[in-house]
Amino acid sequence: MKLTYQPYQLELKHPFTIAKFSRTATPLLLLQLEYEGFTGYGEASMVPYMGENLETATAFLKKVDLSFFYQPFSAKRLMAYLDDLAPGNPNIKAAIDIAFHDLIGKMEQKPCYQLFGANPDLMPVTSFTLGLDTPEMIVKKAQEAAGFKVIKIKLGKDNDEEIIRAIRSVTQVPLYVDANQGWTDRQQSLDKICWLHEQGVELIEQPMDKNDVEGNAWLTERSPVAIIGDEAVQRFADVEKAKGVYHGINVKLMKSAGMFEGHRMLIKAKELGLKVLIGCMSETSCATLAAAALAPLCDWADLDGPFLTKNNPYQNPEFVNGKYMLKEAFGLGLKSVDGSPL
Ligand code: MG
C-alpha cells in the first residue's frame, strides 16, 4: 500500500471565533493510499488547539510503513499499528484511517456507510455553525444559513442573550449551543441554560472546563437541555468517563483518529445510555463524507465544514433539506470540483 500526501491551506468564509480563539484558515494534510489500482482519500484537519501541525504530521508519517499490510485488510490492525508508533497524532491518524476506509469501500464495492451498517434513510439533519460575532453580523450569517434546519451558535462571552435575540429576530429553527468550556459559575450557567431552553435550544456542548467533572455533572443532573461533552471526550477511553457527567458525547473523526474508532465510540456510548452528536472541524468534503457515513448511527449531526470554507478542493457533498444525501458510490463518494468521481 502506497501513501502520498500534500499540505493544503483551507480558508474560511468568515473568521471563526469561539470562546478561546479566532482564526481565518486551517492547515490540512490531504492524503492518498493506493493499492492495486484503487485510491483511497483521507484528510487531516490540524486545528491549532489540538496541537498537531504539518511538522508533527510529517514526522509521524515518516514512521509509517504500510508496505507489509496484506489482504484482508483490517482497520483494527491498522489503528493498533498506528497507535503503537506514537500515542498522540489523532488528526494524521484520522487521515490514514479515512483513506483506508475509502480504499476498502472501493475494493469491496461498497459505500463506506455500508461498511458500518449505517442506513442513509436515518440521516439526521446537520446544523450550521455561527462563530462568535457582533449581533449585526450574527443576523447576516443567520440569513446565510437559510436551508439549514438547525443553527449552532458559539456562546461564552458576556453578550449571549443579545446574540440569541438577534438570531431569533430572523429565524425560529431549533438551536444548538457550544460554550467551548467558557462558563464558570454553576448556578449562573444553569440559569442561562433554563433561559436558552425557553429560546428553543436543544443541546449545549461543553458548558464548563473539560476538567471540571463535578461542575459539568452538576449541570447535567439539573439541565432541561441535553449537555454534551466535546473537549472532554477525545478517544475511546474517554467515553466511559462521560457517563454521569454528560447526557451525550460529541464524536469527531479528528479526535477519534478516524472512522474505526469513531464507530466504536458511538456504539459504546449507546451501550452506556449516552446520546451521540457527530461533529467536525474545518474540513473539506473528504472528512465530512467520512463522518456523514457514520451520522445515521448518531442522534445529531454537526457536519457543516464544507459550507464554512472558501476553497474546498472537492465538490460539496449533496445536501437536501438540511441533510447529506449518501449515494451508492463505492467508498466515501468523494468527487472532484468538476463532479468526476474520485
Ligand atoms: Mg464543540
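## Salt bridges, to begin with

A salt bridge here is a side-chain nitrogen of Lys or Arg within 4 Å of a carboxyl oxygen of Asp or Glu. Keep that in mind while looking at this predicted model, where the count between domain 1 and domain 2 is 1 salt bridge. The partners are R235 and D83, whose closest N and O atoms sit 2.9 Å apart.

## Two domains

Let's step back to the overall layout. The chain splits into domain 1, covering 2-110, and domain 2, covering 115-324. Going by C-alpha atoms, their centres are 23 Å apart. Domain 1 puts 41 residues into the contact, and domain 2 puts in 42.

## Where the domains meet

Interface size is often quoted as the accessible area that is lost when the parts come together. Between domain 1 and domain 2 the buried area is about 3,300 Å², with carbon and sulfur atoms giving 63% of that. There are also 15 residue pairs in polar contact between domain 1 and domain 2, counting pairs with both residues at pLDDT 80 or more.

Which elements give two or more residues to the side of domain 1 that touches domain 2? They are the strands β1 (2-17), β2 (22-35) and β3 (38-45), plus the helices α2 (75-85) and α3 (90-108). Sorted by type, the residues on that side of domain 1 come out as 21 nonpolar, 9 polar and 11 charged.

## The magnesium site

Now for the metal. Three residues coordinate the magnesium ion: D178 and D230 through OD, and E205 through OE, at 2.1 to 2.2 Å. Along the sequence, these donors follow the spacing D-x26-E-x24-D.

Take D178 and E205 as a pair: they link distant parts of the chain, 27 residues apart. D178 belongs to strand β6 (residues 175-178), while E205 belongs to strand β7 (residues 201-205).

## Two backbone details

A couple of loops deserve a look too. Is the peptide bond from Q71 to P72 cis or trans? It is cis, with omega near -5°. P72 itself lies in the loop between α1 (54-63) and α2.

The other spot is N89, found in the loop between α2 and α3. N89 is a residue other than glycine with a positive phi, near 55°.

How values were computed. Residues numbered from 1 in each chain as written. Predicted model: local features only at pLDDT ≥ 70, side-chain atom pairs only at ≥ 80, totals over all residues. Heavy atoms only, no water. Domains from an automatic or database assignment. Contact = heavy atoms within 4.5 Å. Buried area = accessible area lost by both parts, 1.4 Å probe. Polar contact = N/O pair within 3.5 Å; in protein donor to acceptor, adjacent residues only side chain to side chain. Helix = DSSP H or I, 4+ residues; strand = E, 2+ residues; numbered from the N terminus. Nonpolar A, V, L, I, M, F, W, Y, C, P; charged D, E, K, R; others polar. Donors = N, O, S within 2.8 Å, 3.2 Å for Na, K, Ca; no water.
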